Amino acid sequence: MLCVRGHGLGKTVAVEQALHLLPGRVPVWRAVAGVAPGLPQLRASLCEAFGLPSGALPHRAGPASQALTRALAEPGVLFLDDAQRLTPPLLDYLRQLWDAPGCAAALVLCGAGSERALARASALRSRVLTWHQVGRLEPSQVQQTLSLFHPVWVHADPDDLARADEQMARGNFRTWAKITSHVYAARERGPARRVDRELIEQAGARLGPYP
């Protein structure tokens with residue numbers, strides 16, 4: 001089990017990028033915890049993630065748990081986002097699924113404040129192998145990180161990126177993802193445009209107040 005935490009810094013994007021690095025033979029299942037979910041809602045999200053029937057099955061506790069247990073016997077990764085929304089009883093339900101004999105799947109719990117939610121479910125918390133906090137990008141990391149994130153940045157001037165990070169993004173990867181989206185859209189409209197300071201500032205102007 002892995003817990004990824006941090007506040008508004010691009011945790012989900014980072015985890016998704018990491019999961020794309022896994023060999024293609026490793027299945028990845030994705031689920032999102034809804035707002036104030038109950039146990040039927042959590043079961044429904046898990047069943048949907050595993051491609052199990054999403055009709056009456058999630059509302060039948062025994063058959064649903066048995067089906068999920070069989071699904072978790074396959075080596076793979078379940079990525080559960082917004083885990084901070086899960087109450088202790090729901091986290092304990094996850095713990096029971098992962099304690100079942102034959103479970104071979106990894107569990108990635110992601111969310112701002114997920115560590116505080118897990119602190120209220122000590123049985124599950126004790127099973128988390130790795131805790132990873134997503135922090136702000138250091139200035140020295142910006143160019144390489146963005147080049148790996150999206151090819152639109154490969155030929156950008158490092159000085160332009162450093163200036164944009166200082167004035168706009170301030171190490172916030174989520175903000176850089178938004179800037180990337182606007183820069184990419186501008187390039188789609190005008191493929192000949194260079195990714196220079198002017199274009200980056202135009203993209204940044206669409207963000208609203210900077211963090």
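Strand S1 (residues 2-5) pairs with S5 in the parallel sense, over 4 bridges. Pairing requires at least two bridges found by DSSP. Strands are DSSP runs (E, at least two residues), as helices are (H or I, at least four), numbered from the N terminus. Leucine 2 stands opposite threonine 130 in S5.

This is a predicted model, in which local features need pLDDT of at least 70 and side-chain atom pairs pLDDT 80 or more, while totals for chains, interfaces and linings use all residues. Numbering starts from 1 along each chain as its sequence is written, and side-chain values use heavy atoms, without hydrogens and water.

The open sheet has 5 strands in the order S2-S3-S4-S1-S5, paired in parallel. S2 (28-32) and S5 (130-133) are the edge strands; each has a single partner strand, so one side of each lacks a neighbour in the sheet.

A search of the whole structure finds 1 cavity of 30 Å³ or more. A cavity is a set of points on a 1 Å grid over the protein atoms alone where a 1.4 Å probe fits but cannot get out; lining residues have an atom within 4 Å of a point. Grid points are joined across faces, edges and corners, and volume is the space filled by probe spheres set on the points.

| Largest cavity | Value |
|---|---|
| Volume | about 50 Å³ |
| Lining residues from H8 | 5 residues |
| Nonpolar lining residues | 3 residues |

Helix H8 (158-169) and helix H10 (197-204) each supply at least two lining residues.

Methods: 1 Å grid on protein atoms, 1.4 Å probe; cavity = no way out; pocket = protein on both sides within 12 Å on 5 of 7 lines; lining within 4 Å. Nonpolar A, V, L, I, M, F, W, Y, C, P; charged D, E, K, R; others polar.
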